Amino acid sequence: MDASLEKMVDPTLAEMGKNLNEAMKMLEDSQREADEEREKKKYIRKDIPGPLQGSGQNMTAILQLVQNLMHGEDEEELQSHRLQNIGEQGHMSLLGHSLAAYISVLDKERLRKLTTRILSDTTLWLCRLFRYENGSAYYHEDDREGLLKVCKLIIHSNYDDYATEGFNVLHNKSPVLYISAASRTGLGQYICNQLGLPISCMCSVPCNTMFGSQHQMDVALLERLIKDDIECGKLPLLLVANAGTPGAGHTDKLARLKELCSQFKMWLHVEGVNLATLTLGYVSSSVLAATKCDSMTLTLGPWLGLPAVPAVTLYRHEDPSLSLAAGLTTSQPVEKLRALPLWLSLQYLGHDGIVDRIKYASQLSQRLLENLRKLSSIRTSVEDEFNSPVLVFRFIQEHLKSALDGAQYQTAAVQESTKDSNERETDDALNRWLGEQLGQLVPTSGVDVVELEDEGACIRFSPLMTAAVLNTTPEHVDQLVECLKAKIPILISTLQLREEFKQEVYQTPALTYIEDLSWPGLGAIRYEINNEEPDPEKQLLAMEKITTRLLKKLKEFDSDLMFSTGPEFGSEKNCIYIGMVAETLDVPELVETIAATGKEIEESSKLLENMTEVVRKGIIEAEQQLQKANEAKLLEEGVLRQIPVVGSVLNWLSPVRSSVKGRSFSLAGGSLESTDKLYALKAQASEGTPPPTPTASRTKPKSPGQKLFRRSSRASVSDMVSETSVGHTEEMEGSQTITGTTRLEGENEIHKSSESSVQLNGDLEHPGPIQPEGKSDENRSNVQEVHQTSESAEAQDLEKEDLR
């Protein structure tokens with residue numbers, strides 16, 4: 001066809017033919033594609049999920065989906081949810097995971113040689129870095145899995161027939177695992193569940209109570225427990241000690257514990273954050289003793305800021321067959337590739353990079369400790385003042401402050417334990433609030449709240465676990481100290497004003513003080529309604545409505561206070577909780593305002609409830625009066641006047657003045673009355689413009705810009721007396737004006753009520769909407785009108801007179 005087009009003389013026809021050819025080809029292709037798509041749909045399973053249907057999705061769409069799942073689709077969410085700090089060493093770790101997948105497809109011989117080299121190099125480097133000689137390594141994702149494999153190794157070593165007979169060999173001699181009470185929660189239960197052992201096989205060893213650190217294992221008590229178990233026919237197998245407890249970061253007496261384990265042929269396993277200091281040039285003797293233990297678990301990921309690297313358990317054992325049976329070693333080359341990310345990262349950092357990161361975390365902790373020592377309301381707890389990666393501090397009242405050195409801290413802990421339980425619970429609530437505030441204000445600091453058995457709620461700063469990931473700097477530590485200094489006065493003022501607030505509430509009849517020691521704030525109150533409802537459910541519902549409205553009203557006030565319903569799962573209901581306060585708070589004004597606002601809301605609620613019944617009865621009576629008025633009008637005017645056309649003519653020729661009087665409906669009395677008196681007062685009040693109604697206020701006069709419930713300053717008694725004497729004359733002069741203004745309120749109100757009435761059915765008037773007034777108008781009756789008129793007849797009468 002193209003050849004025939006070229007032979008055409010007219011180029012226009014040739015172009016038209018070419019375009020027609022292309023159009024037909026496009027139509028044929030689209031039809032062919034539609035047929036193919038229709039043919040494919042015949043063989044598509046309907047139960048296949050949408051993303052898997054068809055021939056797959058491209059890489060761009062898949063990556064976009066991953067990004068949306070990580071950050072969200074909105075741009076604001078992308079700004080708020082940022083990834084944690086991942087340096088170049090983190091990129092090496094991520095590269096290791098990709099390389100592991102690529103290396104796994106190599107041929108078996110080359111894969112075996114490569115994985116053996118990676119595993120042996122990484123194990124050797126870690127043993128040298130952490131001074132653990134002649135050790136083997138097990139790499140695992142869950143940091144508890146290493147201890148689990150060690151327990152299996154110990155059971156295989158002490159029970160010869162365990163591999164063939166299983167748990168039957170444990171019946172005659174039950175194994176016992178000893179774990180410190182300061183260890184992480186649920187560790188012993190996890191081990192027993194994974195091994196299929198009863199919980200009775202786990203023994204929790206208490207910490208010191210009289211001598212030594214309150215977070216160290218009681219060695220003397222442990223020895224007695226071991227001897228008692230041996231006498232009972234049990235077999236002590238394992239002791240789990242801490243080189244840095246999860247809460248306070250204290251280290252057990254590892255040297256003494258190792259001697260005890262050697263005496264009773266037990267396995268000693270050590271874990272904790274202080275093990276990271278083994279890489280430094282100076283190591284404390286208590287931590288250095290961990291190098292003699294039988295096994296230790298290292299979590300290098302958070303220590304060095306390496307994402308997705310495995311934890312490592314270093315151990316010593318001579319029988320490789322038992323290690324293989326316990327799962328500590330494997331013959332699968334792919335399993336050995338777990339060490340690849342760590343192998344790459346350690347080479348990238350080098351010895352100096354590893355030591356610098358751990359030393360930097362200790363310096364941050366030391367910097368914060370030096371600043372906290374200057375604060376009299378903060379007590380700190382550190383094991384080593386010169387090299388401790390974990391710092392725990394707590395706010396206390398100044399009269400309970402003790403020295404901060406290691407020796408006197410124990411005395412302070414004993415003094416803390418003798419405090420009243422209520423005061424202890426109050427301090428715990430305040431420290432929880434303080435920890436949450438510091439974490440929100442300085443999130444890069446990584447502080448969190450921990451619950452310690454002796455001290456209670458404390459704030460923990462562990463830069464070794466968070467600094468590398470959050471990129472914490474010395475400036476962040478200084479910012480944390482400044483925020484702490486700003487919060488301490490609020491804590492002190494809240495404690496000081498609590499008792500005053502409590503006494504003020506006790507003296508207010510309508511309020512009840514709620515004792516909730518777990519609330520970190522001024523306190524909690526409940527507004528008691530004056531309701532004689534016998535049904536408790538209805539009474540509770542009424543109280544809930546009033547409390548909700550009162551809370552909403554208090555939140556609308558221009559103040560610095562925080563009002564809420566309290567904890568989400570609290571036991572107290574229908575209460576209003578007041579948060580932390582400053583020293584400038586005017587407690588009497590706050591309590592008075594809450595009581596007055598609650599009373600106002602309660603009265604308005606009762607008024608609405610009563611008004612509903614009154615209006616219902618009034619409407620029925622008004623309908624009856626309206627019916628009587630219509631009947632009287634019919635008798636007076638006759639039937640002819642009710643016909644539309646005839647009635648207009650008769651009214652024009654012989655006007656009739658209706659004798660039906662208007663009626664007003666009183667909401668206060670609930671009765672219908674004549675409107676003659678109201679119209680007389682209305683005409684009298686319309687002669688002059690009434691003055692504005694003064695509004696009463698429960699709050700004291702405030703200076704411009706000053707918020708509610710705040711004292712301007714703590715003035716002396718003499719200044720207060722002088723200000724009172726000067727202001728008394730002004731108050732007396734102002735009272736006369738207010739009195740003169742109040743006299744016209746009644747007339748003004750009647751004037752407003754008469755104008756607010758609306759016409760109903762052309763004859764009677766229905767009361768309009770009620771306008772709320774201030775507190776000075778609470779005792780004034782709200783009068784509305786129900787009035788019957790004959791304005792149409794009067795208008796026709798005037799028209800007829802004009803015509804005459």
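Reply: Arginine 256 and glutamate 259 are three residues apart in helix α11 (residues 254-263), and are therefore separated by about one helical turn. Their side chains meet in a salt bridge, with 4.0 Å from N to O. Please bear in mind throughout that this is a predicted model.

Me: Are arginine 256 and glutamate 259 buried or exposed?

Reply: Arginine 256 counts as partly exposed, its relative accessibility being 32%. Glutamate 259, at 51%, counts as exposed, because the exposed class begins over 50%.

Me: Which residues are linked with Arg256 and Glu259 in a network of salt bridges?

Reply: Glu223 and Lys227 join Arg256 and Glu259 in that network.

Me: How many salt bridges does the structure hold?

Reply: The structure holds 17 salt bridges. One of them pairs arginine 184 with glutamate 271, whose closest N and O atoms are 3.3 Å apart. Here the partners belong to separate elements: arginine 184 lies in the loop between β2 (175-180) and α9, and glutamate 271 in strand β5 (residues 267-271), so the bridge ties together parts that are 87 residues apart in sequence.

Me: Which residue forms a salt bridge with arginine 432?

Reply: The partner of arginine 432 is glutamate 451, and the closest N and O atoms are 2.8 Å apart. This pair links distant parts of the chain, with arginine 432 in helix α18 (residues 421-441) and glutamate 451 in strand β10 (residues 448-452), 19 residues apart. Arginine 432 counts as partly exposed at 29% relative accessibility, and glutamate 451 is partly exposed as well, with a relative accessible area of 48%.

Me: Let us turn to helices. What describes two packed helices?

Reply: Two values are used: the angle between the axes of the helices and the distance between those axes. In this structure, helix α7 (residues 145-158) and helix α9 (residues 187-195) pack at an angle of about 55°, and their axes are 10 Å apart. The two helices are therefore oblique to each other. Their crossing is right-handed.

Me: Which residues of α7 meet α9?

Reply: From α7 come Leu147, Leu148, Cys151, Lys152 and Ile155, which meet Leu187, Tyr190, Ile191, Gln194 and Leu195 in α9. By class, the residues of this contact are eight nonpolar, one polar and one charged.

Me: What are the angle and the axis distance for α6 and α16?

Reply: Helix α6 (residues 108-129) packs with helix α16 (residues 340-372) at an angle of about 30°, the axes being 10 Å apart. In this case the crossing is left-handed. On the α6 side, the contact is made by Ile118, Asp121, Thr122, Trp125, Leu126 and Leu129; on the α16 side, by Leu340, Leu342, Trp343, Leu346, Gln347, His351 and Ile354. The contact of α6 with α16 has nine nonpolar, three polar and one charged residues.

Me: Finally, where is glutamate 544 found?

Reply: Glutamate 544 is found in helix α21 (residues 536-556) and counts as partly exposed at 42% relative accessibility. The C-alpha atoms of glutamate 544 and cysteine 575 are separated by 8.9 Å, while the two residues are 31 residues apart along the chain.

How values were computed:
Residues numbered from 1 in each chain as written. Predicted model: local features only at pLDDT ≥ 70, side-chain atom pairs only at ≥ 80, totals over all residues. Heavy atoms only, no water. Axes fitted to C-alpha atoms, helices over the stretch in contact; angles between N-to-C directions. Helix = DSSP H or I, 4+ residues; strand = E, 2+ residues; numbered from the N terminus. Parallel < 35°, antiparallel > 145°, perpendicular 65-115°, else oblique. Left-handed = near helix turned anticlockwise from the far one by under 90°. Contact = heavy atoms within 4.5 Å. Nonpolar A, V, L, I, M, F, W, Y, C, P; charged D, E, K, R; others polar. Buried < 20%, exposed > 50% of the residue type's maximum accessible area, 1.4 Å probe, protein only.
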